[in-house]
Amino acid sequence: MSPAFRAMDVEPPTKGVLLEPFVHQVGGHSCVLRFNETTLCKPLVPREHQFYETLPAEMRKFTPQYKGDHGTVENVDNSDCEPKSKLLRWTNKKHHVLETEKTPKDWVRQHRKEEKMKSHKLEEEFEWLKKSEVLYYSVEKKGNVSSQLKHYNPWSMKCHQQQLQRMKENAKHRNQYKFILLENLTSRYEVPCVLDLKMGTRQHGDDASEEKAANQIRKCQQSTSAVIGVRLCGMQVYQAGSGQLMFMNKYHGRKLSVQGFKEALFQFFHNGRYLRRELLGPVLKKLAELKSVLERQESYRFYSSSLLIIYDGKERPEVALDSDAEDLEDLSEESADESAGAYAFKPISTSSVDVRMIDFAHTTCRLYGEDSVVHEGQDAGYIFGLQSLIDIVTEIIEESGE
């Protein structure tokens, strides 16, 4: 039995695993798949695999839990290769719902030519969505918000299709794929708000070709990476005020100035009505703790690694001292707003906000004996980016009156 299945205490499948797209992926180019509610599958990259296998103990709380590797996943399901209909409620306009027509029952009897025309129209719609850098998804306020977030965001859809295409191209040569299994960091949140930040002043690995290195250097020089050691790589945040989920991709992030980056960070912690100030202190504490941990890591370089910040967009109201706790169960979002004097939101503990490092395909360390380049000391570029984040979050706290 593989280490992954021992860790999860389940029996390995005999006919393959049904892997679903991970709908909360907001950045990166490697497709992340959903293994089960609490576990994600990521294509195995030897260097990243080695990182998790040799991870220093004090860094484990700042990375997803590693659940092992699994090398016998066969016949990965691709029946949902083009679920474009699940994207049709995304729009690039705020306070606007991109409506879709209901499918009449008699459509199934229509000519194939009409079906092809419809498919072509969906293809054009999908291509438009992929090119949009900032999108909004309207959520029905009366329904369960979390249940409506099963739709693919444009970035996870793009990664999913690319991965399926690679699998199709390789199908003639092999039908087995190797993955590492990682903790699903969003599983405990009802409405996950996710910020993906590309960390460090350098992104290319030591093994990068001249062309790849030059391309990555250019991206850093033309973005906030060179100035503050961090740039926005992807973001989704629930704006309760408008009932929309806002998504921002890496192409928009590359264009941001330092001030624009700060405004995007402010927007990430804003729910459309007010700034979620109770989140800022815990985030600041975790950033400082992570910085302290990395300052003690000798020879590590986390090139092209990202930092995730995650919190729940669904706020949890608590009843005031003179109120019956049972009343809370029937409290709607609207009544919570109207009863601000009787109800308050619970203070956020540090455990309610997650700060985790991810993506280690280009990480290097002296422990990796085969590396031609061995670095000394700490990863100054990554630590510089963390300090910049600490400074910016501190500024937001001070400017918001906290």
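How many helices and strands are there in the protein? There are 11 helices and 16 strands, where helices (H or I, at least four residues) and strands (E, at least two) are DSSP runs numbered from the N terminus.

A few notes from going through the model:

1. Ground rules. This is a predicted model, so local features need pLDDT of at least 70 and side-chain atom pairs count only at pLDDT 80 or more, while totals for chains, interfaces and linings use all residues. Residues are numbered from 1 along each chain as its sequence is written, and side-chain values use heavy atoms, with hydrogens and water left out.

2. Overall picture. Of the 402 residues in the protein, 48% are buried; buried means under 20% relative accessible area, exposed over 50%, and partly exposed in between (1.4 Å probe, protein chains only). Take the contacts (heavy atoms within 4.5 Å) between residues at least 6 apart in sequence: 82% of them join residues at least 24 apart.

3. The E2/E3 hairpin. Strand E2 (residues 33-36) pairs with E3 in the antiparallel sense, over three bridges; two strands pair if DSSP finds at least two bridges between them. The two form a hairpin, with two residues between them. Asn36 has Thr39 in E3 as its bridge partner.

4. Both sides of E3. In a regular strand the side chains alternate between the two faces of the sheet. For strand E3 (residues 39-43), five of its five residues are buried. Thr39, Cys41 and Pro43 sit on one side, with Leu40 and Lys42 on the other, and both faces are covered.

5. His24. This residue lies in the loop between strand E1 (20-21) and E2. His24 counts as buried because its relative accessibility is 12%. His24 and Asn184 are 160 residues apart in sequence, yet 9.9 Å apart in space, C-alpha to C-alpha.

6. Helix H5. With 12 residues (210-221), H5 reaches 16 Å from its first C-alpha to its last, close to the 16 Å expected at 1.5 Å a residue; the expected span is 1.5 Å times one less than the number of residues. Its buried residues include Ala213, Gln216, Lys219 and Cys220. They cover an arc of only 125 degrees around the axis, which puts them on the same side of H5; the arc is that of the directions from the helix axis to the C-beta atoms. Helix H6 (225-228), strand E9 (230-239) and helix H7 (250-255) are among what covers them. The face turned away carries the exposed residues Glu210, Glu211 and Gln221.

7. Aromatic pairs. The structure holds 12 of them. Rings of Phe, Tyr and Trp (its six-membered ring) pair if their centres lie within 6.5 Å, with planes under 30 degrees apart counted as stacked, over 60 as edge-to-face and the rest as tilted. Phe51 and Phe302 are edge-to-face, at 6.4 Å centre to centre and 90 degrees between the planes. Phe51 lies in helix H2 (residues 46-53) and Phe302 in strand E11 (residues 301-303), so the pair ties together parts that are 251 residues apart in sequence. Both Phe51 and Phe302 are buried. Ring pairs also link these two with Tyr52, Tyr66, Tyr300, Phe360 and Tyr382 into a cluster.
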